Amino acid sequence: MSNHHPWVILFDIDGTLLTVDRNFNRLFLRELLDELDINYPDMEKDPFSGRTDHDIFTSFLVNHDFDNALYQQFKSTYLQKLEERLTNNLVKRHDFVDEAIEYFSGSDFIRGLLTGNYPPAASLKLKAANIHHDFAFGAFGEFDRDRNQLPLLAITQIKERLGFDPDPSKFVVIGDTPRDVICAKSAGMKCIAVTTGKFLREELEAQQPDLVIENLSEPAEWFSKISMG
């Protein structure tokens with residue numbers, strides 16, 4: 001097998017490709033907590049940005065000894081009801097998504113997802129936002145609570161695909177939160193931070209990403225800036 005090393009492009013979902021209505025999301029989670037009689041009064045003020053579903057939902061069980069059976073019940077109920085209730089009008093599809101994803105469709109690239117979502121939740125959100133592109137693989141929040149472990153999962157999957165040890169510097173994480181930048185840098189990957197989420201340019205720049213962009217338009221231009229660096 002040739003040791004040709006493609007660029008591995010890892011898209012975050014929430015805040016980067018799309019945004020789920022915050023009012024829906026918080027009310028939905030509160031309903032699930034109440035339905036399952038989970039005592040977690042801090043849910044409405046908890047910061048979720050950049051965290052994995054595994055981390056967020058486990059934290060809800062702080063007053064229940066982090067009971068795994070209850071966690072699994074919450075997870076199952078969440079995914080079932082998300083499929084029933086997440087509709088197109090509750091999801092904002094960000095501008096230039098098609099342009100960015102399609103740019104990385106050639107043989108020099110492998111497109112993947114790096115997201116805190118569970119795989120079924122990721123699929124439901126992308127479908128609701130009418131984002132129907134294929135992604136070769138995903139590093140999902142189901143598999144580790146710690147977002148900083150997700151790039152390592154991506155490296156492992158690419159190693160199996162390529163048949164040789166991949167170079168982390170040929171991976172690019174595209175995300176909208178400081179945690180996206182931190183997780184990329186922790187693994188030696190490049191990071192493009194986009195201001196389509198809730199964080200300001202200054203907040204993203206504080207984590208020293210390779211580049212900060214306003215939106216996903218003109219991918220050839222911003223990709224060239226980091227691929228030649």
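Biologist: In which sense do β1 and strand β4 pair, and over how many bridges?

Modeller: This is a predicted model. In it, β1 and strand β4 (residues 109-115) pair in the parallel sense, over 5 bridges.

Biologist: How does β1 pair with strand β6?

Modeller: Again in the parallel sense: β1 and β6 (residues 171-175) share 4 bridges. Here Val8 stands opposite Phe171 of β6.

Biologist: Which residues of β1 lie on each side of the strand?

Modeller: The general idea comes before the case. In a regular strand, side chains alternate between the two faces of the sheet. In β1, Trp7, Ile9 and Phe11 are on one side, with Val8 and Leu10 on the other.

Biologist: Are those faces covered or open?

Modeller: Both faces of β1 are covered.

Biologist: Now the nonpolar cores. How many residues has the largest one, and which have the most contacts inside it?

Modeller: The general idea: in soluble globular proteins, nonpolar side chains tend to be buried together. Here the largest nonpolar core has 56 residues. Phe11, Phe60, Phe74, Tyr78 and Trp222 have the most contacts inside it. Helix α3 (residues 68-85) gives the most to this core, with 6 residues. A separate core, apart from that one, has 24 residues, including Val8, Leu114, Cys183 and Ala184.

Biologist: What does Phe74 touch?

Modeller: Leave out residues up to four places away in sequence, and Phe74 touches Leu29, Leu32, Leu33, Leu36, Ile38, Phe57 and Phe60.

Conventions. Residues numbered from 1 in each chain as written. Predicted model: local features only at pLDDT ≥ 70, side-chain atom pairs only at ≥ 80, totals over all residues. Heavy atoms only, no water. Core = buried A, V, L, I, M, F, W, Y, C linked by side-chain atoms within 4.5 Å. Buried < 20%, exposed > 50% of the residue type's maximum accessible area, 1.4 Å probe, protein only. Helix = DSSP H or I, 4+ residues; strand = E, 2+ residues; numbered from the N terminus. Contact = heavy atoms within 4.5 Å. Pairing = 2+ DSSP bridges.
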